[in-house]
Amino acid sequence: MHNHFGAVVASVALGLALSAAVRAEPAYPAKPIQLVIPFAPGDTDQMLRPITEKMGQYVGQPLIVNYKPGAGGGIGAAFTAAAAPDGYTIVGSSPGSLVVVPLANKEIKYTTDSFTPVAAIALGGMMIVAQGNSKYKTLADVVADARARPDAIAYGTSGAMGISHLLGETFASEAKIKLRHIPFQGSTPAVTALLGGHTDIAVSAVGPAQAHIQAGGLRPLAVFSDKRLQAYPDVPTLRELGYEVGSPTIYGLMAPKGTPPQVVDKLYQAARKVVAEHGAEVDKTLAGLGAEVSVLGPKEYGAYLQQQRALFSRAIGLIRE
């Protein structure tokens, strides 16, 4: 009898202790959230910032940007994949670092499945650009010159085996030309090199090229997209010009695999609230970058990334042939 009573008391005491421990655990987030950007400033962060800067208002802690460029975005993505799955480290990127890099680089230890999708944020685009005073007035000019001078035309990208590199090589394969690839640590450095005359053309995200296009320093020749971009209705797609290459570029947020669903949902709902309450401002900012809002939930964003994995597996095969 006494033993039974003692066991009951011990059980109740344990339950109370566990309950107190649960109550003592601070609600997420209890500290700032690290937002890893795996490219140099002025590229991917431009697409994410209109929403991520305001997300802190709705989660209760700021998202602090930590730039970790290199390896086509692989360094920052690997850092995030290895972080604790507690919601305090997330990565913001395009499919370049999340899909392409682990497919292309055997030394990379993460895959697309090493992450938990949080939310897609913005739909951007990639384009082929030349200097404003370049002899290349159209993409046909580039193709004609490349056929006359194989390997002579240098094109810059955001990194070796990154999304811009794969798109560039897929275009070259479709056009049956040979171009000389020059990798950089992001689209912004690639654009800077083009403006300085160190390359002939570049495959760049629209954002870093936008201001220079508007100022006349750069000329867009074609976009890699399923349809013409709203900001550039006069610039043809590669497909319109007869080259079967193009894909929407969606920028979003990923967390390490195993991040609790309630944490993921809190971040996703914060992104939705930003768009719901600051939609006009976000639309205007992204339009200035040649992009548009595209908020997708974890499931839809994950499905998009899996589609990208199939698409770029083929492109990598072209480079390795």
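How many salt bridges does the structure hold? There are 9, where a salt bridge is a side-chain nitrogen of Lys or Arg within 4 Å of a carboxyl oxygen of Asp or Glu. Before you click around: this is a predicted model, so local features need pLDDT of at least 70 and side-chain atom pairs count only at pLDDT 80 or more, while totals for chains, interfaces and linings use all residues. Residues are numbered from 1 along each chain as its sequence is written, and side-chain values use heavy atoms, leaving out hydrogens and water.

Start by selecting Asp145 and Lys135. Their side chains meet in a salt bridge, 3.4 Å from N to O. This pair links distant parts of the chain, 10 residues apart: Asp145 sits in helix H5 (residues 139-148), and Lys135 in the loop between strand S5 (126-131) and H5. Helices (H or I, at least four residues) and strands (E, at least two) are DSSP runs, numbered from the N terminus.

Now colour by accessibility. Asp145 is buried at 13% relative accessible area, whereas Lys135 is exposed at 55%. Buried means under 20%, exposed over 50%, and partly exposed in between (1.4 Å probe, protein chains only).

Arg149 is partly exposed, at 35%.

Next, jump to Arg239 and Asp226, whose side chains meet in a salt bridge of 3.1 Å, N to O. Both lie in the loop between strand S9 (218-224) and strand S10 (249-256), 13 residues apart.

Last stop: select Asp45, Arg49 and Glu53, which are linked in a network of salt bridges.
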